[in-house]
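Biologist: Please walk me through this model one question at a time, and give me your cut-offs as you go.

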Amino acid sequence: MKFGICNEIFQGWELEATMAFAAKTGYQGVEIAPFTISKYVTEISKKQRQQIRNSAERNQIEISGIHWVLVQADGMYLNHSDVAVRERSANYFCELVQFCSDLGGKIIVVGSPKQRNIMEGATKEQAWDWARETFTPSVRRAEEQGVTICFEPLAPTETNFINTAAEAIQFADQFHSRNFKIILDVKAMSCESRPIPQIIRESWPHFAYFHANDKNLKGPGFGDVDFRPIAAALKEVGYDGYVSVEVFKFEEGPEAIATRSLEYLKKVF
């Protein structure tokens, strides 16, 4: 397994400085939130993309992928009742695949709780079909580019569409593609009724990425979640991808979050 960290933790930092600090601390990868660069990835030029890729190479760190992909990307919605919105969103997901590939990334994490809630007047079945329709073109593009789209089950407090790993797997299976999987996130799994190690075992090999955090919205080791059985379950199933630190409360500051999270992960893994 490799350890990564999300760049939005480093609020106000240049991406070059983030990569340098992450590499120096001992991370092997950085996960990029596109909104930290531009509102829409279509506004990020080929030159900028190459510069970001070059920066990662200079700092001897990988760009594991991208996440928070619809933050500030106004007008996008996975399962909107308006076909025009779905078409626009489908095209944008194709652009996200290309952006990820241009950076050298391999994973796109799709959470986007506010852009996937079942709309008023729509049924769960309609929302499901519309979301499948939205993703279909980008799945084909992902297969061409060697990128994997990972759909994220999220807690009912965040969204009313796909709340468990089992549901997410059922959704992903429709595409019959190695390039559409799910992601497991410790914070999200903490809201399920099943123990996290059990979810991991029952979800393999359908997940291709893993977010490390605590149910208190801080980093691994900053709360009550014990990562030792989580690490054991990941090893047991043979997962060898990224364990990426993603947090939502930044008060300790990026240096402390990054350093303490990695120290804890290395200890338990």
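Biologist: Leaving aside its neighbours within four places in sequence, which residues is alanine 188 in contact with?

Modeller: Contact here means heavy atoms within 4.5 Å. With the sequence neighbours within four places set aside, the partners of alanine 188 are Pro153 and Leu154.

Biologist: Does alanine 188 count as buried or exposed?

Modeller: Keep in mind that this is a predicted model, where local features need pLDDT of at least 70 and side-chain atom pairs pLDDT 80 or more, while totals for chains, interfaces and linings use all residues. Residues are numbered from 1 along each chain as its sequence is written, and side-chain values use heavy atoms, with hydrogens and water left out. Relative accessible area (1.4 Å probe, protein chains only) under 20% is buried, over 50% exposed, and in between partly exposed. Alanine 188 has 5% relative accessibility, so it counts as buried.

Biologist: Which helix holds alanine 188?

Modeller: Helices (H or I, at least four residues) and strands (E, at least two) are DSSP runs numbered from the N terminus. Alanine 188 falls within residues 186-189, the run called H6.

Biologist: What is the volume of the largest cavity, and which residues line it?

Modeller: On a 1 Å grid over the protein atoms alone, a cavity is a set of points where a 1.4 Å probe fits but cannot get out, a pocket is an open set with protein on both sides within 12 Å along at least five of seven lines, and lining residues have an atom within 4 Å of a point. Grid points are joined across faces, edges and corners, and a volume is the space filled by probe spheres set on the points. The structure holds one cavity of 30 Å³ or more. The largest cavity has about 30 Å³, and its lining is Pro153, Leu154, Asn163, Ala165, Leu184, Ala188, Met189 and Glu192.

**The largest pocket**

Biologist: How much space lies in the largest pocket, and which lining residues are closest to its centre?

Modeller: The space in the largest pocket is about 400 Å³. Of its 21 lining residues, the closest to the centre are Trp68, Ser112, Pro113, Glu158 and Phe248.

Biologist: How do the lining residues of the largest pocket divide by class?

Modeller: Ala, Val, Leu, Ile, Met, Phe, Trp, Tyr, Cys and Pro count as nonpolar, Asp, Glu, Lys and Arg as charged, and the others, Gly among them, as polar. For the largest pocket the division is 10 nonpolar, five polar and six charged.

**Helices**

Biologist: How far apart are the end C-alpha atoms of H2?

Modeller: Helix H2 covers residues 46-58, which makes 13 residues. The expected span is 1.5 Å times one less than the number of residues. That gives 18 Å, which agrees with the distance in the model, 18 Å.

Biologist: Within what arc do the buried residues of H2 fall?

Modeller: The buried residues of H2 are Arg49, Ile52, Ser55 and Ala56. The arc is that of the directions from the helix axis to the C-beta atoms. Seen down the axis, they line one face of H2, because their arc is within 120°.

Biologist: What do the buried residues of H2 pack against, and which residues are exposed on the other side?

Modeller: The buried residues of H2 pack against helix H1 (15-25), strand E2 (29-32), strand E3 (62-66) and helix H3 (83-103). On the other side of H2, the exposed residues are Lys46, Lys47, Glu57 and Arg58.

Biologist: What arc do the buried residues of H7 cover?

Modeller: In H7, the buried residues are Ile196, Pro197, Ile199, Ile200 and Ser203. They sit on the same side of H7, because they cover an arc of only 160°.

**Backbone details**

Biologist: What is the omega of the peptide bond from tryptophan 204 to proline 205?

Modeller: Proline 205 has its place in the loop between helix H7 (196-203) and strand E7 (207-212). The bond from tryptophan 204 to proline 205 is cis, with omega near 10°.

Biologist: What is the phi of isoleucine 162?

Modeller: Isoleucine 162 is in the loop between strand E5 (148-151) and helix H5 (165-173). Isoleucine 162 is buried, with a relative accessible area of 2%. Although isoleucine 162 is not a glycine, its phi is positive, about 65°.

Biologist: What about histidine 176: what is its phi?

Modeller: Histidine 176 lies in the loop between H5 and strand E6 (180-185). Histidine 176 counts as exposed, at 75% relative accessibility. The phi of histidine 176 is also positive, near 50°.
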